[in-house]
Amino acid sequence: MNRAILYIVFFITIAIPNPSAVVFAQTSEDHPALTVYQKLARDIFHELIEINTTMNVGSTKASEAMVMRLKAAGFPEKDIQLVGPRTKNMNLVVRYRGNGTLRPILFIGHLDVVEALRQDWSFDPFTFLEKDGYFYGRGTSDMKCEDADIVTNLIRLKSEGFIPNRDIIVALTEHEESGDANGINWLLTNRRDLINAEFAINLEGGGGDIKNGKPILMEIQTSEKIYVSFQFEVKNQGGHSSLPVKDNAIYRLAAGLTRLAKYDFPIRLNETTRTFFERAAGRETGQVRSDMLAILKTPVDTAAANRLTASSAYYNALMRTTCVATMLKGGHAENALPQTASAIVNCRMLPDDSVENVLATLQRVVADSQITITQLAKPSMGPLSPLREDVMNNVEKLTKLMWSGVTVTPVMSTGASDGRSLRRAGIPVYGVSGIFADIDDVRAHGKDERIGIKEFYDGVEFMYGFIKAMTSEL
Ligand SMILES: [Zn+2]
């Protein structure tokens, strides 16, 4: 979609229930300030955090716990599937039947979490803790908050008798954090029938940004950069360190890496990053604002682009493929000339870049035929998902209702998520979540992971409105 159409889309409105009007009026007994569905969301979240789903343990127990809740809420057994390659690694796929007017919509999330050690944390990472306005625990932000959110809303919609105009499929999967062996890839290969959909919503990847305590931006993820690593290696015949020669494996490698350090891949914007900078400019002032507008011109204003990329590692990563040395190894003894020296260079390619192009560029920049460059694992490619009007509209509308003044923008993730496999399989994916988090305090995968309590409940309410809007007659 071009920018002109995007602007038209921006102003089209459709009927979305007002979130403040749809909050269930009843409150629960042990948390009197919470509505019934807030209490349910909290209970599910609590349960999920306290089920350890790290790689060694697997996510089956968490999947089973969600199955129990869905069955109790009236989802028929045939619409709830526990499938996967191993008993400890079962993915949950549930289908909420609609009237079949449109093709299904798929929501995806992962149940697994990154390892967390008690001694590294201020408290037990697998005990759900509510403290000073936050929920703490491994997975609170990545991403059991969203898992609890989607399960709560399925149960709520069911109990309200809502009939969507398309099937709503929810896949809560395994092994997002630790590789491609299971989860969405396994489902695509083995049970594509369960998750076939017109498009998918990835519950991570999008969501709201808080800066200095204020919500500022709502992101819709439409694409992500592609991860690929290379090994640089120099071999040398070595010798005694008392008789050094100029041709030294470590020096050669270091010189090649220094040339790489000074190199920048060309700047290239796509539909998503163009829209991102266009909208980001609206929140900025002065030089940054004019630079953001200047890079949208063809050809790109290089001086403006250089100022932006120098000012922010994030802007830089959005505008180009990046390659950076991340590991270094060399030599075999303190008193010997090195026989080998090697480094790992990790690249994050723009979604329309190619491994061949990156490899050729690295060889050209390093400019030393004695530095052999070998590609490590084959990257998992995934195209950009074209902006969808309904996704954009509904996120815009709900954001305006719930957080007025917050800009909505499509984004390209600089990291990688499960969305790329679906995109590669021809199912466009949009990262959407109503949960806001502080962009200067990211604790996913880290110590004392947490999510704001208000942000969690608001996110659940947002998703309720979003699912309804995406699956209701216009
Ligand atoms: Zn995650």
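**Close-ups of rings, charges and helices**

**View 1. An arginine over a phenylalanine ring.** Arg388 places its charged end over the ring of Phe199, and the distance to the ring centre is 3.6 Å. Keep in mind for this view and the others that the model is predicted.

**View 2. A tilted pair of rings, Trp403 and Phe462.** There are 20 aromatic pairs in the structure. In this one, Trp403 and Phe462 sit 5.8 Å apart, centre to centre, with 40° between their planes. The two residues come from distant parts of the chain, 59 residues apart: Trp403 belongs to the loop between helix H14 (389-402) and strand S16 (407-413), while Phe462 is part of helix H16 (residues 453-470).

**View 3. A cluster of rings.** Phe45, Phe128, Phe135, Phe456 and Tyr457 are joined into a cluster by ring pairs.

**View 4. Helices H4 and H5 passing each other.** Helix H4 (residues 60-72) and helix H5 (residues 144-159) have axes that come within 10 Å and cross at roughly 15°. That angle is under 35 degrees, so H4 and H5 count as roughly parallel to each other. The crossing of H4 past H5 is right-handed. Which residues make the contact? On H4 they are Met66, Arg69 and Leu70, and on H5 they are Val151, Leu154 and Ile155.

Methods. Residues numbered from 1 in each chain as written. Predicted model: local features only at pLDDT ≥ 70, side-chain atom pairs only at ≥ 80, totals over all residues. Heavy atoms only, no water. Phe/Tyr/Trp six-rings, centres within 6.5 Å; stacked < 30°, edge-to-face > 60°. Helix = DSSP H or I, 4+ residues; strand = E, 2+ residues; numbered from the N terminus. Lys NZ or Arg CZ within 6 Å of the ring centre and 35° of its normal. Axes fitted to C-alpha atoms, helices over the stretch in contact; angles between N-to-C directions. Parallel < 35°, antiparallel > 145°, perpendicular 65-115°, else oblique. Left-handed = near helix turned anticlockwise from the far one by under 90°. Contact = heavy atoms within 4.5 Å.
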